[in-house]
Amino acid sequence: MLLTADIGNTNIKFGIFNDKELIRTLTISCEKAKTADEYGVELYSLIRVMGIHRDDFDGCIISSVVPLVTGRIDAAVRDILGVEPIIVGPGVKTGLNIRIDDPSTLGADLVVACVAANALIKAPAVVISMGTATVWCAIDKRGSMVGCAIAPGMTVSLEALTKNTALLQGVAFTAPKSVIGTNSDKSIRSGVVWGTVGMIDSMIDRIENELGEKCSIIATGGLAKTIIPYCSHEITIRENLILEGLRLIYEKNQRG
């Protein structure tokens, strides 16, 4: 079995693969204060609950945007599973041609998402990641990642709004029937949800215009299922896109 781990700013998502089949996902909070031992206890408890033995794992691969936590998850996996993780970064074969000013600055999660997108949909493509940030990655017709756009994610935007506005409270991410809100709750939900929908559709149009071609579009991230169905473009939702990309990169490096 293969353990994949996507370390994000808010959560750490694990995926367990039996050959090419994703058989289980697990999510824990990403907390910089946690030690490697604490992460190890959580990981061990989770796999035990599922009836999976630590000796069942042959390998592990990790992508991370939180360097402080990367080493702790690495140490926890080594201790609990007895395998040496591959950490996506310099020296790891991805097969992705990255055509930006400094490829080393591209987040590992975006690299992995683009690798998975190239395997799943036809280029040119737009890969949308909806988490702490909302990110649009552009892939040209040759399958090269040529750049991206980054905006604050919905949760970040809503927290900033309610934190700095005394009379507004937090609301759920559900779309009101009318764009014109008749009370504070509906008005905020309209602005956050329909505003994000409009932004996503508009950014896709602009990216396609700059690439000069119609694109295949794929979306991932915790908020994708909430927002993407409201968009006017045809967008494939792949909740575990990064985990699938991690498996592909692991296999490529094993072959190497």
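In the predicted model, D6 stands opposite S63 in strand 4, where strands are DSSP runs (E) of at least two residues, numbered from the N terminus. This is a predicted model, in which local features need pLDDT of at least 70 and side-chain atom pairs count only at pLDDT 80 or more, whereas totals for chains, interfaces and linings use all residues. Residues are numbered from 1 along each chain as its sequence is written, and side-chain values use heavy atoms, with hydrogens and water left out.

Strand 1 (residues 2-7) is joined to strand 4 (residues 59-64) in the parallel sense over six bridges, two strands being counted as paired if DSSP finds at least two bridges between them. The open sheet comprises five strands in the order 3-2-1-4-5, with mixed pairing. Its edges are formed by strand 3 (21-29) and strand 5 (86-87), each of which pairs on one side only.

I7 also lies in strand 1, and this residue counts as buried because its relative accessibility is 0% (buried means under 20% relative accessible area, exposed over 50%, and partly exposed in between, with a 1.4 Å probe and protein chains only). The C-alpha atom of I7 is separated by 25 Å from that of I235, which is 228 residues apart from I7 along the chain.

D37, by contrast, counts as exposed because its relative accessibility is 58%, and D37 is found in helix 1 (residues 36-49), a helix being a DSSP run (H or I) of at least four residues.
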